[in-house]
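The sequence and coordinates are shown first.

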Amino acid sequence: MASLLSLDISGAFDTVVHERLVAIIRRLGFPEWLQSWVRSFLAERSTTLLVNNIESEAFEVKAGVPQGSPLSPILFLLYNEELIRTCNQPSLGIHSIGFMDDINILAYSASTEQNCARLSRVHEKCQSWAHRHGITFAPDKYELIHFTTARKKHNLQASVRLDSIEKKPTKSVRVLGVWLDPKLKWSAHAKIARQKGVAAIAALKRVTTSTWGASFARARLLYNSAVRPTITYGTEAWFEPESTKHGKVIQAISKVQASGMRVVAGAFRATPIRELEAETFTPPLDVYCSELRARHIRRTYSSPVGTFIKEQCRMISSRLRRRGPRRIVPQVVPVIQDKLNWALTRERTFGTDSKKAILQDWHEKWHSGQRRSRWRSLASTEVPSASRLKLHNQLKKAESSVLVQARTGRIGLAHFLNKARVPGYETPACRCGLGDETAEHLLLHCQMETERRQWRRGTRLRDLVSEPRSTATTARWIIQSGRIGQFQLANRLLYGGVSSVEN
């Protein structure tokens, strides 16, 4: 049974006393030159105050580290080193983890009441440290949560008494950006990750759509740089590629990626995510997260940190074994070894080159997921490759969108619209009467476009939409045909022309 108390420090960076910080660095045994460098870094800092449009004279600042500096988090970690050490008491079943002003204390014992009592005693020591360092905690921002799979055996409503404040447990708590729930099923994190992803996609839509805005290449860059890191944050904690099921988080954020790919590619909702990922050369999230997890395992468990984790797990298992039957002792060390074995097996299969490993893993998934369908498109038959990105060189967003639609077969022509049951398209046939109105028919066979057709008779669809030298001409030709209402405004804005249909 484990309980976690998350602490919060008010105005953490502003409370660092310069001389005390240097004294702490000296006590920790850092060299003299580093002490002098930190003292110089913090010296001669001044500020002014602006009240009712009246600015005060500059005055010296003797406390605080500059927010925004990459050095400030490191300096604050040194400043609160004693606090972290105070909260780490393995012999009493107390551990802590902290980063800057985010301090989390974990207590484990046979009951929630005992955990709360231990957390209360440790908090008193934290208050003593804060008083000596001129720091104030914010109890109203504290969070308490109990972790257990045996909900009926423990009092999950047990609260912790902190001076005059009683803090009751919550259903979820954020630890270093990752949301935890009592059963560690990641339901809370899945919900938050999806909410953040939806907000990020909404922002992406404000700068690009299927017919205007950022180009295909720039929209893809925005997704990979801003959206994907947001939804995959904390992969090392919640993703379990060793298991057959990837869990609730992957299911939730995969929907976000599907929306993002539709925005980047300018595709219809009916277009399979599998094809859109290939068209945008964006690996599936389970493949992407597998490599992130493998890289984390290799880096962590081949370092002193990994050795420390194993030692702590053995110590906890040994202590619990002395208190109860062997069958209730969690097999933590074997679980860690399973993770290592998985990472090593993956390394032997795909190597340690992340890009190469992702691509090979993706190809395996692509081939295993191929199935026969009456709806065959170029996008579904070509293996994912970075060469697909070259098809969009120098293309405007509308041109990229119509190209993707033509390659996937989900395009605003009668064949697709009829299958999608769009009102007004009761038949998939083209108006020329020679076949269904598809991208291939429009480009190669439709008699209504004979005069406009620029390529020689017998050219294949693949030659027109899968060769970088011809995609710009093909995309522009389809838009200028006027057959697709979605692109009629783009036709006027990009080319200043009138469609052949209007003529």
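The sections below treat the basis of the values, the nonpolar cores, the aromatic and charged contacts, a group of strands, and several loop residues.

## Basis of the values

The model is predicted; local features require pLDDT of at least 70 and side-chain atom pairs count only at pLDDT 80 or more, whereas totals for chains, interfaces and linings use all residues. Residues are numbered from 1 along each chain as its sequence is written, and side-chain values use heavy atoms, with hydrogens and water left out.

Helices (H or I, at least four residues) and strands (E, at least two) are DSSP runs, numbered from the N terminus. Buried denotes under 20% relative accessible area, exposed over 50%, and partly exposed the range in between, with a 1.4 Å probe and protein chains only.

## Nonpolar cores

A nonpolar core is a set of buried Ala, Val, Leu, Ile, Met, Phe, Trp, Tyr and Cys residues joined through side-chain atoms within 4.5 Å. The largest such core comprises 42 residues, and those with the most contacts inside it are Leu180, Tyr223, Trp238 and Ile253. Helix α9 (residues 247-265) gives the most to this core, contributing 9 residues. A second, separate core has 37 residues, including Ala12, Leu21, Leu75 and Leu83. In soluble globular proteins, nonpolar side chains tend to be buried together.

Leaving aside residues up to four places away in sequence, Trp238 touches Trp186, His189, Ile231, Thr232, Tyr233, Val249, Ile250, Ile253 and Cys289.

## Aromatic pairs and charges over rings

Rings of Phe, Tyr and Trp (its six-membered ring) pair if their centres lie within 6.5 Å; planes under 30 degrees apart count as stacked, over 60 as edge-to-face, and the rest as tilted. The structure holds 7 aromatic pairs. In one of them, Trp37 and Phe41 are stacked, at 5.6 Å centre to centre with 5° between the planes. These two residues are separated by about one helical turn because they are 4 residues apart in helix α2 (residues 32-42). Trp37 has a relative accessible area of 44% and is therefore partly exposed.

Phe76 and Tyr79 form a tilted pair, 6.3 Å centre to centre with 35° between the planes. Both lie in helix α3 (residues 72-79), 3 residues apart, about one turn of the helix.

A charge sits over a ring if NZ of Lys or CZ of Arg is within 6 Å of the ring centre and within 35 degrees of the ring normal. The charged end of Arg228 sits over the ring of Tyr288, 4.0 Å from its centre. Likewise, the charged end of Arg452 sits over the ring of Trp477, at 4.4 Å from the centre.

## Strand β7 and its partners

Strand β7 (residues 102-108) is largely enclosed by the rest of the structure, because 6 of its 7 residues are buried. Two strands pair if DSSP finds at least two bridges between them. Strand β1 (residues 2-8) pairs with β7 in the antiparallel sense over 7 bridges, with Leu5 opposite Ile105 in β7.

Strand β6 (residues 94-99) also runs antiparallel to β7, joined by 6 bridges; the bridge partner of Ile94 in β7 is Ala107. β6 and β7 form a hairpin with 2 residues between them, and Met100 in the turn has a positive phi of about 60°.

## Loop residues

Most residues other than glycine have a negative phi, and most peptide bonds are trans. Leu176, in the loop between β11 (173-175) and β12 (178-180), has a positive phi near 50°. Leu176 counts as partly exposed at 29% relative accessibility. Leu184 lies in the loop between β12 and α6 (187-205), and its phi is likewise positive, near 55°. The relative accessible area of Leu184 is 44%, so this residue is partly exposed.

Ser303 is located in the loop between α11 (285-301) and α12 (304-323) and, at 18% relative accessibility, counts as buried. Its side chain reaches the backbone oxygen of Thr300 at 2.5 Å. Ser377, in the loop between α14 (354-369) and α15 (378-381), is buried at 9% relative accessibility. Apart from residues up to four places away in sequence, Ser377 touches Glu275, Arg407, Thr408, Gly409 and Arg410.

Technical notes. Contact means heavy atoms within 4.5 Å. A polar contact is a pair of N or O atoms within 3.5 Å; within protein, one must be able to donate a hydrogen and the other to accept it, and residues adjacent in sequence count only if both atoms are side-chain atoms.
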